[in-house]
Amino acid sequence: MTLRIERFQGGIRLSGELRAGHLDQVKTEIERYEPPVVLDLEELDLIDLEGVRFLNACESAGVSILHCTPYIREWMLQERGRPKERPGTL
């Protein structure tokens with residue numbers, strides 16, 4: 001399954017899978033809107049770590065995230081609590 005991006009007034013609906021390879025495309029779509037921007041994740045089924053980090057960055061930048069499944073929301077919260085990784089460290 002791939003990612004489907006659908007625009008609606010004031011926001012973007014993501015459906016399917018959000019993976020690292022999709023992030024530039026989603027970022028471009030977000031930049032087309034005037035703030036406040038809304039991401040509707042009701043139909044998002046799967047996500048990878050980079051997708052979770054991207055959603056956290058979006059929220060930090062003022063993007064509202066709606067209809068986020070509990071497992072994605074929990075993963076986002078866990079990632080926020082982790083120390084930032086530095087390149088070359090374990």
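Helices (H or I, at least four residues) and strands (E, at least two) are DSSP runs, numbered from the N terminus. This structure is a predicted model, in which local features need pLDDT of at least 70 and side-chain atom pairs count only at pLDDT 80 or more, while totals for chains, interfaces and linings use all residues. Residues are numbered from 1 along each chain as its sequence is written, and side-chain values use heavy atoms, with hydrogens and water left out.

**The sheet**

Four strands form an open sheet with mixed pairing, in the order β1-β2-β3-β4, where two strands pair if DSSP finds at least two bridges between them. Because β1 (3–8) and β4 (64–66) stand at the edges with a single partner strand each, one side of each is left without a neighbour in the sheet. From one strand to the next, the twist averages 25°. The strands β1 and β2 run antiparallel and are joined by six bridges, and Phe8 stands opposite Gly11 in β2.

**Helices against the sheet and each other**

Helix α2 packs on the sheet, where it touches β2, β3 and β4, and its direction makes about 170° with that of β3. Helix α3 lies across β3 and β4 and runs at about 100° to β3. For these values, axes are lines fitted to C-alpha atoms, for helices over the stretch in contact, and angles run from 0 to 180 degrees between N-to-C directions.

Two packed helices are described by the angle between their axes and the distance between the axes. Helix α2 (residues 49–60) and helix α3 (residues 70–81) pack at an angle of about 80°, with their axes 9 Å apart. That makes α2 roughly perpendicular to α3, a term used for angles of 65 to 115 degrees. The contact (heavy atoms within 4.5 Å) is made on the α2 side by Leu49, Val52, Arg53, Leu55, Asn56 and Glu59, and on the α3 side by Ile72, Arg73, Trp75, Met76, Glu79 and Arg80.

**The nonpolar core**

A nonpolar core is a set of buried Ala, Val, Leu, Ile, Met, Phe, Trp, Tyr and Cys residues joined through side-chain atoms within 4.5 Å. The largest one has 22 residues, of which Leu14, Leu18, Ile30, Leu39, Leu41, Leu44 and Leu55 touch the most other members. At least two residues of this core come from each of β2 (11–18), α1 (23–31), β3 (38–47), α2 and α3. If residues up to four places away in sequence are not counted, Ile30 touches Ile12, Val37, Leu39, Phe54, Cys58 and Val63.

**Single residues**

| Residue | Class | Relative accessible area |
|---|---|---|
| His22 | buried | 19% |
| Glu42 | exposed | 52% |
| His67 | partly exposed | 47% |

His22 has its place in the loop between β2 and α1, and, leaving aside neighbours within four places in sequence, His22 is in contact with Leu3 and Glu17. Glu42 belongs to strand β3 and, with the neighbours within four places in sequence left aside, is in contact with Leu66 and His67. His67 lies in the loop between β4 and α3, and has a positive phi of about 55° although it is not a glycine. In the loop between α1 and β3 Pro36 is found, and a cis peptide bond with an omega of about 0° joins Pro35 and Pro36.

How values were computed:
Angles under 35 degrees count as roughly parallel, over 145 as roughly antiparallel, 65 to 115 as roughly perpendicular and the rest as oblique. Buried means under 20% relative accessible area, exposed over 50%, partly exposed in between (1.4 Å probe, protein chains only).
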